Amino acid sequence: MHWINFPLLTIMIWSGLRIYWADRADPFGVGIGFIGWHWFDLFPDSVNEKLGLNQTLARGMAFHFTVAWLFTLNGVAYGLYLWRSGGWRHLLPEKESLGDAAKVVANDLHLSTAPLPPQGRYNGAQRWSYTLILVLGAVAVLTGLSIYKPTQLSFLTALFGGYEMARSIHFFVTLSFVAFFIVHIFQVAMAGFGNFWSMISGYELESEKPVGDSQTVSEAVSA
Amino acid sequence: MPKNESVPKSESVSKNPTTEKDPSLAREQRYAALERGTPRLDEVQFYQRSRRSVLVGGLAALAGFSVFRSIQTADLVDRAPGPLRAVHEKNESLWRALFREDHLARTFDPSESSPIRVNGRKGLDEDFDPATWELRIEGPDGELLGTHSMDDIRALAKVDHTIEHKCVEGWSHVVTWGGARFSDLASLYEDQLGQLPDYVDLRTPDGGYYVGVDLATMLHSQTLLTYEMQGQELEPAHGAPLRLTTPLKYGIKQIKRIGTIRFSHQQPSDYWHERGYDWYAHL
């Protein structure tokens with residue numbers, strides 16, 4: 001379920017760009033208009049032409065409104081799995097996680113050499129970012145629905161501040177996915193291959209005992 | 001401390017006196033208990049499983065990619081790849097089933113509105129003579145049921161509303177339309193037709209642009225036969241003398257300069273549907 005997101009989101013962003021670029025009047029300028037000024041052209045025309053994203057709106061919409069269902073189903077399935085398996089205990093932030101996250105990030109950026117706080121499978125920063133990305137996934141689906149059927153689902157559109165606002169949020173969530181992906185891949189690469197194999201196979205190597213294993217704990221107690 | 005069902009009673013953290021003094025130790029024990037359920041393998045098994053997973057994953061990725069390629073290269077149905085056209089139609093049945101006529105599009109204050117841009121001129125034949133214009137109403141077999149002048153349309157109850165017009169291209173624009181509800185015109189034909197057919201086919205006088213719309217959308221209270229924009233008479237580029245506007249559909253369905261309206265039992269042909277777009281194009 002984790003891996004399926006990669007091809008699904010790739011198609012969603014690719015088809016989304018086809019829709020995004022259908023309006024030649026730089027919709028992103030409109031998209032962030034509520035902040036009050038124009039930031040930048042996300043994709044200059046030249047890049048857009050090289051990617052072959054011009055004049056492909058109909059195909060873009062068709063893919064977007066097809067794969068959106070698969071992305072939604074996958075997300076719902078993952079949510080159910082987290083709930084039924086108890087996996088959420090590894091994932092959801094705890095009350096200490098925010099403080100832990102700050103320490104972990106400071107350590108990763110080599111700003112601090114203080115010892116890291118205790119952690120389970122995921123540290124505080126991971127708990128927060130992995131939970132946040134799930135929430136963003138849900139927001140992507142809900143803002144998507146509210147710009148897909150703004151009249152039939154007008155209550156949902158209103159919840160996100162109207163059609164244009166929902167559309168802006170939809171773009172920002174997309175940018176967040178891309179940013180998350182880049183940091184995520186970098187972190188996985190830094191964590192090494194043993195960790196990568198575990199991501200793929202779903203098993204852990206016996207010699208790589210997690211921090212806080214009962215044996216280490218009892219040793220710590222006796223010491 | 002969060003409830004933790006996977007901790008066996010005998011090892012329950014709360015019973016361990018040392019944790020009272022060191023909360024981080026308690027956390028470590030709790031995390032350790034959580035990990036106890038994770039299957040652990042020795043090195044040989046671990047890499048064997050990993051290799052197998054990579055192989056299976058690689059095959060799945062290849063299969064996924066070939067599905068994607070097969071959609072991209074599938075036979076086109078109305079210029080959309082067959083599988084995607086099929087999903088468009090599934091989506092249409094779903095949203096038709098969920099359609100509620102009392103779900104209204106948001107309306108705005110007229111002061112928030114401004115003239116909308118001209119985004120399409122198809123079907124707006126240059127030689128058009130407004131003086132000879134009349135609206136033709138046809139039955140399912142193309143038989144003429146009646147004709148209307150602009151005075152007839154203006155005689156129907158007038159509706160002014162400010163709504164957000166939305167384009168498939170992604171832009172939207174708040175605009176004020178004035179006109180008559182299509183449902184008021186349609187009710188003039190209920191006696192002739194009995195129950196109204198499921199679809200409405202609308203065409204420009206020169207036949208250069210044509211749209212098909214489902215009856216439920218046409219009869220919606222916000223679907224107007226429009227002759228005013230921003231309180232002014234409609235300009236030719238915006239579809240004078242009479243165009244369709246509805247916040248239930250994208251702009252591609254809001255045909256300018258209507259010449260003929262036909263009640264139809266079959267799904268009518270539609271200009272942009274024939275060019276790869278979803279027929280329903282509903283909002």
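# A tour of chains A and B

Start in chain B and select B:Tyr209, B:Tyr210, B:Tyr271, B:Trp272 and B:Tyr277, which ring pairs link into a cluster. Keep in mind throughout that the model is predicted.

**Aromatic pairs**

Over all chains, the structure holds 16 aromatic pairs. For one of them, select A:Phe6 and A:Phe181: the ring centres are 5.4 Å apart and the planes stand at 20 degrees, so this pair is stacked. Show the helices around these two rings. A:Phe6 belongs to helix α1 (residues 5-20) of chain A and A:Phe181 to helix α9 (residues 163-191) of chain A, so the pair ties together parts that are 175 residues apart in sequence. With a relative accessibility of 37%, A:Phe181 counts as partly exposed.

Next, select A:Phe63 together with B:Phe68. This aromatic pair is tilted, with 45 degrees between the planes and 5.4 Å from centre to centre. A:Phe63 sits in helix α4 (residues 57-85) of chain A, and B:Phe68 in helix α3 (residues 43-72) of chain B, so the pair joins two chains. Are these two residues buried or exposed? A:Phe63 counts as buried at 2% relative accessibility, and B:Phe68 counts as buried at 18%.

**Where two helices cross**

The crossing of α4(A) and α4(B) is left-handed.

Which residues meet here? From α4(A), select A:Arg59, A:Ala62, A:Phe63, A:Phe65, A:Thr66 and A:Trp69. They meet B:Leu84, B:Val87, B:His88, B:Asn91, B:Leu94 and B:Trp95 in α4(B). A:Phe63, already visited for its ring pair with B:Phe68, is thus seen again among the residues that meet α4(B).

**Charges over rings**

Select A:Trp83 and A:Arg84. A:Arg84 lies over the face of A:Trp83, 5.2 Å from the ring centre. For another such case, move to chain B and select B:Phe128 with B:Arg257. Here the charged end of B:Arg257 sits over the ring of B:Phe128, at 3.9 Å from its centre.

**A buried serine**

Return to chain A and select A:Ser146, in helix α7 (residues 124-148). A:Ser146 has a relative accessible area of 0% and is buried. What is in contact with A:Ser146, leaving aside its neighbours within four places in sequence? Its contacts are A:Leu156, A:Thr157, A:Phe160, A:Tyr163 and A:Ala166.

Select strand β6 (residues 158-166) of chain B. Seven of its nine residues are buried, so the strand is largely enclosed by the rest of the structure. The hairpin of β6(B) and β7(B) has five residues between the strands, and in it B:Gly170 takes a positive phi near 115 degrees.

Continue to strand β10 (residues 224-229) of chain B, which is antiparallel to β7(B) and joined to it by five bridges. Six of the six residues of β10(B) are buried, so this strand too is largely enclosed by the rest of the structure. B:Ala180 stands opposite B:Leu225 in β10(B). B:Leu225 also stands opposite B:Leu244 in β12(B). Strand β12 (residues 243-245) of chain B runs antiparallel to β10(B), with three bridges between them.

Strand β11 (residues 232-233) of chain B is another antiparallel partner of β10(B), joined by two bridges. Select B:Met229 to find B:Gln232 of β11(B) opposite. The hairpin of β10(B) and β11(B) has two residues between the strands, and B:Gln230 there takes a positive phi near 55 degrees.

**The open sheet**

For the last stop, select the five strands of an open sheet in chain B, in the order β5-β4-β13-β8-β9. The pairing in this sheet is mixed. Which strands form the edges? They are β5 (144-148) and β9 (210-214) of chain B, each pairing on one side only. Direction ignored, neighbouring strands of this sheet are turned by 20 degrees against each other on average.

Strand β4 (residues 135-138) of chain B is joined to β5(B) by four bridges, and the two run antiparallel. Select B:Glu138 and look for its bridge partner in β5(B), B:Leu144.

Conventions
Residues numbered from 1 in each chain as written. Chains lettered and ligands numbered in written order. Predicted model: local features only at pLDDT ≥ 70, side-chain atom pairs only at ≥ 80, totals over all residues. Heavy atoms only, no water. Phe/Tyr/Trp six-rings, centres within 6.5 Å; stacked < 30°, edge-to-face > 60°. Buried < 20%, exposed > 50% of the residue type's maximum accessible area, 1.4 Å probe, protein only. Lys NZ or Arg CZ within 6 Å of the ring centre and 35° of its normal. Pairing = 2+ DSSP bridges. Left-handed = near helix turned anticlockwise from the far one by under 90°. Contact = heavy atoms within 4.5 Å. Axes fitted to C-alpha atoms, helices over the stretch in contact; angles between N-to-C directions.
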